[in-house]
Amino acid sequence: MTASPVVSSLSDLPEPGGLCAIHQPNLFPRLTTLAKLFAADYWIVLEDAQFTRRDYQHRARLGTLDEPGRRQWLTVPTHLPHGQQTLIRDALIDDPDRACRKTAGMLRQYYGASPYWPALAQSLAPVLDAFGTGRTATVAEVSTRALLGLLGWQGKTLTSSDLPSRPGRSERLTDLCTITGARAYVCGTGGMTYLDPAPFAAEGIAVLPFQPPTTSIWSSGRSLSSLWAVAALGPQEVAARMQRLALDHGLMAAAA
């Protein structure tokens, strides 16, 4: 499988009436985050928001194959050229070559023994290549797209800075959904804590809460990178579980 295509202009928007997910680029995202994107028809990469250290924009928590409770942070050392006001897209990797070597080594150390490692390593090769851009956001976005592609996701990826929108959290999300013709916005548990549904209702866009269970592989899904599940269970099994989860949320049409 190849990673999903990237939409680079307003002339190539998705077909109207789809399900939209909006999320910042995360490095090898958590299972719950990946499942939310998998359930949507397209993902708008929110890369012109403020970079936040000690978040998942430049790091991922890896769990060992046999003992996922044994965990270690994989971090891409990042420099913020504009200090705390630096946007995600402008964050720079400190020593990209060294960061790439360390990332490759940790991935092989943790998941090289998996029977699914050959397919996983092939899918992750573009992630290592992305270090050559020197930009943390590019590596994070490519890591997400690579995993989605490995799971067979057929959706599209758009970039928030290419789409006009108003300031204000809920207003901006509404505008991004509106201009792409979304019929519904797939919202994670974090977003539901601050989202104002009024702007969405005014545009006739449904807000669909996405709340994965807290059992089985989902028990660590809010903290552990999805790499563990893919390496331990295999891409087909993880994709099947995500499809079932989408069905439980009434989103099966998007995941099929």
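Visitor: Is R166 buried, partly exposed or exposed?
Guide: This is a predicted model, and in it R166 is partly exposed, with a relative accessible area of 43%.

Visitor: Which residue does R166 form a salt bridge with?
Guide: The partner is D175, with the closest N and O atoms 2.8 Å apart. D175 is buried, at a relative accessible area of 14%.

Visitor: How many salt bridges does the structure hold?
Guide: There are five. Among them, E237 meets R241 at 2.8 Å, N to O, and E237 also meets R244 at 3.9 Å. That links E237, R241 and R244 in a network.

Visitor: How far apart are R241 and E237 along helix 9?
Guide: They are four residues apart in the helix, so about one helical turn separates them.

Visitor: And which residues of helix 9 are buried?
Guide: P235, V238, A239, M242, L245 and A246. Seen down the axis, these buried residues fall within an arc of 120 degrees, so they line one face of helix 9. On the other side, Q236, L247 and D248 are exposed.

Visitor: Changing topic: how much space lies in the largest pocket?
Guide: About 780 Å³. Its lining has 26 residues, and the closest to the pocket centre are H23, Q24, G190, G191 and Y194.

Visitor: How do the lining residues divide into nonpolar, polar and charged?
Guide: Ten are nonpolar, ten polar and six charged. The elements that give two or more residues to the lining include strand 1 and helix 5.

Definitions and conventions. Residues numbered from 1 in each chain as written. Predicted model: local features only at pLDDT ≥ 70, side-chain atom pairs only at ≥ 80, totals over all residues. Heavy atoms only, no water. 1 Å grid on protein atoms, 1.4 Å probe; cavity = no way out; pocket = protein on both sides within 12 Å on 5 of 7 lines; lining within 4 Å. Points joined across faces, edges and corners; volume = space filled by probe spheres on them. Nonpolar A, V, L, I, M, F, W, Y, C, P; charged D, E, K, R; others polar. Buried < 20%, exposed > 50% of the residue type's maximum accessible area, 1.4 Å probe, protein only. Arc of directions from axis to C-beta. Salt bridge = Lys/Arg side-chain N within 4 Å of Asp/Glu carboxyl O.
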